[in-house]
Amino acid sequence: MQCQQSFALIVEWALASWLVIKIYPRLESINGDDTAKSVFFEFWDYCLPFIPYVWLGALYIFTERWMLQHWGGSVEQSYYAIAKQFGVIALLATSSILNIAWKEISEAYHNGDLKLVEKFYKNFSYALYLIGAIIAGYFIPWALEILQLTVGSAYIDGVAVFMLMLLYPVHQSMGQIGGMMLMATSKTRLKAILGVITMLVGIVTSYLMMAPTDSIIPGFGMASKGLAIKMILVQIIEVNVLAWFIARNFNWKFEWLYQISILTIAISIGWLIKIILVSLIQVPFIFLMLLSGIIYFLILSYLIYFSPK
């Protein structure tokens, strides 16, 4: 499916570019010295790094899922698939913000206002990370109950994978804003190179996490749990390397400590509220979960309002 979508996108954009050249063959100037031909080749240079990147990405996803199926079986595959779907749902909260960020950063960079670019990039990075951490901090303590409610007790053994994958959107949002930053500033080659390196490291790490202990090259035999751990660890490294490259390229200060503090506070408050409510109130968990959500978001709203940033 991923390969088909990638191929369809390549064909679609190639056909659209060809039609532009054919429909406007005598267009002498689009913007200053730009012609239709120069714009086409500029667009081609912008997109070219993504061609091998997209195909390798499809192979990367297939290889990981094949290893999980081969060494873990359908049960472990289902644990991972369900957990990942919940993680993707959490990303919906940040996807709309990314479009706004792309527009604002692109415009500021085009106008040569690097101070504004820095302001937008850092503000959007903090905001997206904060949203992801708040969502994870609320749902992780209730992971067991959520699985029981949504997919049944048959999947309770996958609760550890589920909890780990709830952390996935936290740094994924940072990766999205970092990737968007490179695309908005036309640094697509750097984005593709970093992405390819990350995938190569990811494949090796996935093997080590999932391969049986008695293989020729032994692994940890952790199946879906190992794949989830790998997703989190590799992603944390990837997004911070990406953020470091961006900071170095624009001569900004690389900031990372907020990642530890925000996530630790959010998860700690979430667990603390659940423990207190469960010990004091005996009602169905859905009411406890709703009540904890109200208290949780009120406390975090207070902390955010009075925080220095």
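**Helix packing and cores in a predicted model**

Q: At what angle do the axes of α6 and α7 cross, and how close do they come?
A: The axes of α6 and α7 cross at roughly 30° and come within 5 Å. This is a predicted model.

Q: Parallel or antiparallel, then?
A: Roughly parallel, because the crossing angle falls under 35 degrees.

Q: Which residues meet there?
A: From α6, Leu 164, Met 165 and Leu 166. They meet Tyr 168, Pro 169 and Val 170 of α7.

Q: Stepping back, how many helices and strands are in the chain?
A: The chain has 11 helices and 0 strands.

Q: And how much of the chain is buried?
A: Of its 309 residues, 38% count as buried. The chain exposes about 17700 Å², with 70% of that supplied by carbon and sulfur atoms.

Q: What share of the contacts links residues 24 or more positions apart?
A: Such pairs account for 73% of the contacts with a separation of 6 or more.

Q: Now the largest nonpolar core. Which residues have the most contacts inside it?
A: Phe 162, Met 165, Leu 167, Leu 263 and Tyr 296. The core has 43 residues.

Q: Which elements give two or more residues to this core?
A: α3, α4, α5, α6, α7, α9, α10 and α11.

Q: Which gives the most?
A: α10, with 7 residues.

Q: Back to Phe 162. What is it in contact with, leaving aside neighbours within four places in sequence?
A: Ala 83, Phe 86, Ala 143, Ile 146 and Leu 147.

Q: What does the second core include?
A: Tyr 121, Phe 124, Ala 243 and Phe 250 are among its residues. This core is separate and has 21 residues.

Q: Switching to α9. What is its reach from first C-alpha to last?
A: Helix α9 reaches 38 Å, close to the 39 Å expected. It runs over residues 223-249, which is 27 residues.

Q: What phi does Asn 251 take?
A: A positive one, about 60°.

Q: Last one, Ile 51. Where is its place?
A: Ile 51 is in helix α3.

Q: Does Ile 51 count as buried, partly exposed or exposed, and why?
A: Partly exposed, because its relative accessibility is 29%. That value lies between the 20% and 50% cut-offs.

Q: How far is the C-alpha of Ile 51 from that of Ala 192?
A: The two C-alpha atoms are separated by 9.2 Å. Along the chain, Ile 51 and Ala 192 are 141 residues apart.

Key: Residues are numbered from 1 along each chain as its sequence is written. This is a predicted model: local features need pLDDT of at least 70, side-chain atom pairs count only at pLDDT 80 or more; totals for chains, interfaces and linings use all residues. Side-chain values use heavy atoms; hydrogens and water are left out. Helices (H or I, at least four residues) and strands (E, at least two) are DSSP runs, numbered from the N terminus. The expected span of a helix is 1.5 Å times one less than its number of residues. Buried means under 20% relative accessible area, exposed over 50%, partly exposed in between (1.4 Å probe, protein chains only). Contact means heavy atoms within 4.5 Å. Accessible areas come from the Shrake-Rupley method with a 1.4 Å probe; for residues, only the protein chains shown count as cover. A nonpolar core is a set of buried Ala, Val, Leu, Ile, Met, Phe, Trp, Tyr and Cys residues joined through side-chain atoms within 4.5 Å. Axes are lines fitted to C-alpha atoms, for helices over the stretch in contact, and angles run from 0 to 180 degrees between N-to-C directions. Angles under 35 degrees count as roughly parallel, over 145 as roughly antiparallel, 65 to 115 as roughly perpendicular and the rest as oblique.
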